[in-house]
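Please open the structure in your viewer and keep the sequence beside it.

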Amino acid sequence: MRCRCAMSILLATLAIFVAVSPVQAAIAAVDATREVAPEEWAGAAFSPPSSDQSPPPPSDAKVGNPQGSKAAQAADPKQETPVQPASAGAQGAANSANSTASNSKKITFTPGFRLQVRYIHDRESGKNEFFVARLRLKAKGELFHTVRYYTEFKIDNLGRSGRNPTAELENAWLEYSVAPNFAIRAGLYDAPFSRNALTSDSKLLLMDRSLIKDALTSVGFADNTTGLLGHGRPFKGRLEYSIGIFNNEKFRTIGAPGANRSDYMMPAGRVVFHFLDPAPRGGYADYQSSYVGKGKRLSIGANSAYLRKARDSVNEFNVLGWGADLFFSTGPFTVEAEYDRLRKELIGGNSDIQVDGWYVQAGYLVWRRVEFTARHQQLDPNVFVPNNRLRWTSVGSNIYIRGHNLKMQIEYTFRRGPGQVVKTDVLQIQMQADF
């Protein structure tokens, strides 16, 4: 059965690749237009946004010091410059034009959007469905050459079968660079835990994140939350650190209203070493699961978080989480692995709960636009309960029409776990546009 499914996916990939070949000439004309790299966006206010990545400061000035470069001084209308003799009317018009040009550079605004349309066939239920998995509306820019901002609204439909999605605020943050390798971020954004969780869903190797990521999200360790973060990438991007303190809003909103509660702040931190190509300076949560054949990367990361005296409808407990991840890519080959552990230390003599999970995934790029993918993952919701483990294996392919900005993904997942006598395989096909 698995061989027939894998062969079907391969034939479908080849068929789609042949189908999109006639439009590649038109796409080549678009590709000829220079795409601004994620690390350059702060200096190019109206470039197309490629992701919800955190940008580094402009190369010609220190962010946080609008007088830190000759270019900034020249643009400052307060700077005295020689004026050629002219009539009062002409001089007034020139001053007005200069003032307008200067003010237009004080606040920059770059809009963007992401759309993921998905088809799913669930073998267990026989259900076939088309739906909009994710819709995001984004904006980013700079304020007075000093502070960067990013906002994002989501109208997602994952896990909402038969229900209408509602708009929610996904990201809203301000960031100030205190020094070249130290920035402060405040607002709503991803907590620094798990490479898989920090990777944008537009840059994933497979359509969805891992099972262990979902378990981390259930206690608010790996999702968007509100807090204060300090981060940087010193040693020319070889080292990466991020540490902050957060409200655990996700834990409070999961389950019945008012069932979950925590009155304490959640500290969390992450450190990464980049051994080959360095990470872009000034970035945060700008990972990709596939770099589509570009660069050489070897990164090892570790993270931890702690939530004190959390309560659900039954128990009160402390939660400690930690994890480690490995990422390697060179040429067409990419591989990623991660292990995470959550331990709920129940207060009052009850037995503790420990959640373990891991995954290994790999991709190989052929024909410059087609990438074959595979992942195996396991999740044990409680290691103290026997025969409780979920085991999922996925195979598929990505067809890159314009990198991650425009791509199609095909994926077949074999789901196995406790009590699953019938086959619960799932086929998914997704088209994504992200700009």
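**First stop: a loop**

Begin by selecting Val292, which sits in the loop between β9 and β10; helices (H or I, at least four residues) and strands (E, at least two) are here DSSP runs, numbered from the N terminus. This is a predicted model, in which local features need pLDDT of at least 70 and side-chain atom pairs count only at pLDDT 80 or more, while totals for chains, interfaces and linings use all residues. Residues are numbered from 1 along each chain as its sequence is written, and side-chain values use heavy atoms, with hydrogens and water left out.

Val292 has a positive phi of about 50° although it is not a glycine. Most residues other than glycine have a negative phi. Val292 counts as buried because its relative accessible area is 19%, where buried means under 20% relative accessible area, exposed over 50%, and partly exposed in between (1.4 Å probe, protein chains only).

Now select Phe235 for another positive phi in a residue other than glycine, here near 55°. Phe235 belongs to helix α7, residues 234-237, and it counts as exposed because its relative accessibility is 60%.

**The whole protein**

Zoom out to take in the protein, which has eight helices and 17 strands. Buried residues make up 45% of its 435 residues. Of the contacts (heavy atoms within 4.5 Å) with a separation of 6 or more, 60% are between residues 24 or more positions apart.

**The cavities**

Rolling a probe the size of a water molecule over the atoms shows where empty space is left. A cavity is a set of points, on a 1 Å grid over the protein atoms alone, where a 1.4 Å probe fits but cannot get out, and its lining residues have an atom within 4 Å of a point. Grid points are joined across faces, edges and corners, and a volume is the space filled by probe spheres set on the points. How many cavities of 30 Å³ or more does the structure hold? There are four.

The largest cavity holds about 70 Å³ of space. To find it, select Pro180, Phe182, Ala183, His231 and Gly282, which are the closest to its centre of the 13 residues that line it. The strands β4 (168-179), β5 (182-190) and β6 (224-232) each supply at least two residues of this lining. By class, the lining of the largest cavity has five nonpolar, six polar and two charged residues, where Ala, Val, Leu, Ile, Met, Phe, Trp, Tyr, Cys and Pro count as nonpolar, Asp, Glu, Lys and Arg as charged, and the others, Gly among them, as polar.

The second largest cavity, with a volume of about 60 Å³, brings you back to Val292, which is one of the residues nearest its centre, together with Tyr291, Gly293, Gly331 and Phe333.

**Buried charged residues**

Select Arg233, in the loop between β6 and α7, which counts as buried because its relative accessible area is 1%. A polar atom of its side chain lies 3.4 Å from the backbone oxygen of Gly283. Leaving aside neighbours within four places in sequence, Arg233 is in contact with several residues, including Asn181, Glu240 and Tyr287.

Glu240, the next selection, is in strand β7, residues 239-246, and counts as buried because its relative accessibility is 4%.

Arg195 lies in helix α5 and counts as buried because its relative accessibility is 2%. Its side chain reaches the backbone oxygen of Gln288 at 3.3 Å. Arg195 and Val272 are 77 residues apart in sequence and 9.8 Å apart in space, C-alpha to C-alpha.

**The nonpolar core**

Finish with Leu216, Phe221, Leu307, Val319 and Leu342, which touch the most other members among the 32 residues of the largest nonpolar core, a core being a set of buried Ala, Val, Leu, Ile, Met, Phe, Trp, Tyr and Cys residues joined through side-chain atoms within 4.5 Å. Helix α6 gives the most to this core, with four residues.

How values were computed
On a 1 Å grid over the protein atoms alone, a cavity is a set of points where a 1.4 Å probe fits but cannot get out, and a pocket is an open set with protein on both sides within 12 Å along at least five of seven lines; lining residues have an atom within 4 Å of a point. A polar contact is a pair of N or O atoms within 3.5 Å; within protein, one must be able to donate a hydrogen and the other to accept it, and residues adjacent in sequence count only if both atoms are side-chain atoms.
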